[in-house]
Amino acid sequence: SDTKRYAAVDIGASTGRVLVGWLEDGRMRLEEAHRFDNSQIRVGGHNCWDMHGLFENMIEGLRKAGELPGGPPGSIGIDTWGVDFVLLDRDRKMIGEAVSYRDARCNGMCEVVEGLIAPEDLFARTGIQRQLFNTVYQLMALKKEHPEQLAAARHLLMIPDYLNFLLTGRMRTEYTNATTTGLLNARSRDWDRDLLDLVGLPPCVFERPVMPGVEVGEFTDEVAARIGYSARVVLPATHDTGSAFLAVPARDRHGVFISSGTWSLLGVERSEPVTSSAALRENFTNEGGYGLRYRFLKNIMGLWMIQSVRREVNGTSYVRGSAAASARFDHAVDFDELRALCRDAEPFEARIDVDDERFLAPDSMISEIEAACRESGQPVPQTLGQIMRTIYASLAACYARSIASLREITGCDFSSINIVGGGCQDSYLNRMTAAATGLPVFAGPIEATAIGNVAAQMIAAGHLDGTDEVRRCVAASFPIERIDPDT
Ligand code: LFR
């Protein structure tokens, strides 16, 4: 293959970016071409993704990527958050909106599905955790509210699949992200047709998933004209967490991985799914990973809580144009300032359950935290610093608890924690994590998701050998900080 430069379009629930990666003397290099905010819009009574805005930002980013000194990338890959999707009609036009997973439409849908299939049976089939927003529950909500949309649908595409379609005119269903629907059979790695039947979803909209590494196609002429060059679109693990895990510079087989962004995804890689009753009870999941591995992990609310507090004190909202609280300060508060307030609030101690669904999309994160403390008979935070302290201490405690469960369920012992993603820059949280777990933390790289995306393309082009080589290459290419429990 002659492909030398690779672009990653990596869109998370809060921000998106386009990065270009290449290999130089055995090391991976990265350059950022474009970064943008991903905010939601209110349409038809729901919080939705601004698909038009995301597409335009992607085009802009790829155009800028082509103008970097090294010349245009020959291959590009897209990854995004999981579970969300669009439906296309027989003319391949989008039906309705891409509703966001934090929208309230799923309330009550777990119960509806439980009436059709026992939770144990569902978990045994899919290996997927019970999360209110899994695609299966979103589809049940859609079926209730807009049965006509589901009836008109000919294709279901996950968000990255849809962006790939817009770039190339070709439809592919990528496996890792498809697992987050909660509708794939964990062992066959294909849609569980019995399950689709049980919950009453139209089997014809689900196309057989293909693995990362598969080429989707070239840009359409129209897209190539706008971007200024043409390139091949190749599938990475299109689920961001799948790409992030591929890029974890694991030192050995005894590390716990945390992909820290809007969510903290804490877990390990396995070659088989774990669907024991303990895994179900602790709500662990078995998501499809790169190279036929499974990510056995737990979703922890993560930086979302801190981002929400910050937006709230600054009087902004993650949904564009929606009513926001009035700002509490005469200046915009940033994360450093919040952390400084937090340190000043030591040793305030109250603990909340950061796994609780009440924190998924509360009207006010601050009031929700205060209420949770009050209801559990603990001291109620009185200052912003105390709110922050409560979140940080609760997150670190949740990490420690989850690692203990992981140990119990898998029977494995862990000797370190690898934290990757934007959240690994939070040295305060890293120190608290090391202290709470008693394990050394290895923090970095920050752009693990984009790196994993690029790496999958490099493997597909024959420039890297596989997962182990990717991890060695990442370890050699990016700064990784070690934080010991006693520092
Ligand atoms: C992280 C992530 C998680 C998924 C959540 C919702 O960005 O993809 O893995 O549980 O977003 O899709």
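This is a predicted model: local features need pLDDT of at least 70, side-chain atom pairs count only at pLDDT 80 or more; totals for chains, interfaces and linings use all residues.
1. Arginine 189 is another residue other than glycine with a positive phi, here near 60 degrees. Its place is in the loop between helix 7 (175-179) and helix 8 (193-199). With 15 other C-beta atoms within 10 Å, arginine 189 is therefore partly exposed.

2. Overall dimensions come next. The protein has 487 residues, for which a compact globule would have a radius of gyration near 23 Å; the protein has 22 Å, which agrees. Along the principal axes, the C-alpha atoms fill a box of roughly 60 × 55 × 50 Å. Of the 487 residues, 49% count as buried. Among contacts between residues at least 6 apart in sequence, 73% join residues at least 24 apart. The secondary structure consists of 18 helices and 18 strands.

3. Tyrosine 6 stands opposite glycine 21 in strand 2. The two strands form a hairpin, with three residues between them.

4. Strand 2 also runs antiparallel to strand 3 (residues 27-37), and ten bridges join this pair. Leucine 23 has methionine 28 in strand 3 as its bridge partner. Strand 2 and strand 3 again form a hairpin, with two residues between them. In that turn, aspartate 25 has a positive phi of about 50 degrees.

5. A separate item is an open sheet of three strands in the order 8-7-9, with antiparallel pairing. Its edge strands are strand 8 (94-95) and strand 9 (155-158), each of which pairs on one side only. Strand 7 (residues 85-88) is joined to strand 8 by two bridges, and these strands run antiparallel. Within strand 8, methionine 94 is the bridge partner of leucine 88. Helix 6 (residues 159-168) packs on this sheet and touches strand 7 and strand 9. The direction of helix 6 makes about 105 degrees with that of strand 9.

6. The ligand is surrounded by 14 residues, of which the closest are Trp81, Gly82, Val83, Thr241 and Trp263. By class, this shell has six nonpolar, seven polar and one charged residues.

7. One joins glutamate 346 and proline 347, with omega about 0 degrees. Proline 347 lies in the loop between helix 13 (335-344) and helix 14 (365-375). Another cis peptide bond joins glycine 444 and proline 445, also with omega about 0 degrees. Proline 445 is found in the loop between strand 17 (441-443) and helix 17 (448-460).

Key. Residues are numbered from 1 along each chain as its sequence is written. Two strands pair if DSSP finds at least two bridges between them. Helices (H or I, at least four residues) and strands (E, at least two) are DSSP runs, numbered from the N terminus. Two residues are in contact if their C-beta atoms, placed from the backbone, lie within 7 Å. Axes are lines fitted to C-alpha atoms, for helices over the stretch in contact, and angles run from 0 to 180 degrees between N-to-C directions. The radius of gyration is taken over C-alpha atoms; the globule rule is 2.2 Å times the number of residues to the power 0.38. A residue is buried if 20 or more other C-beta atoms lie within 10 Å of its own, exposed if 12 or fewer, and partly exposed in between; C-beta atoms are placed from the backbone. A residue is near a molecule or strand if its C-beta atom, placed from the backbone, lies within 6 Å of it. Ala, Val, Leu, Ile, Met, Phe, Trp, Tyr, Cys and Pro count as nonpolar, Asp, Glu, Lys and Arg as charged, and the others, Gly among them, as polar.
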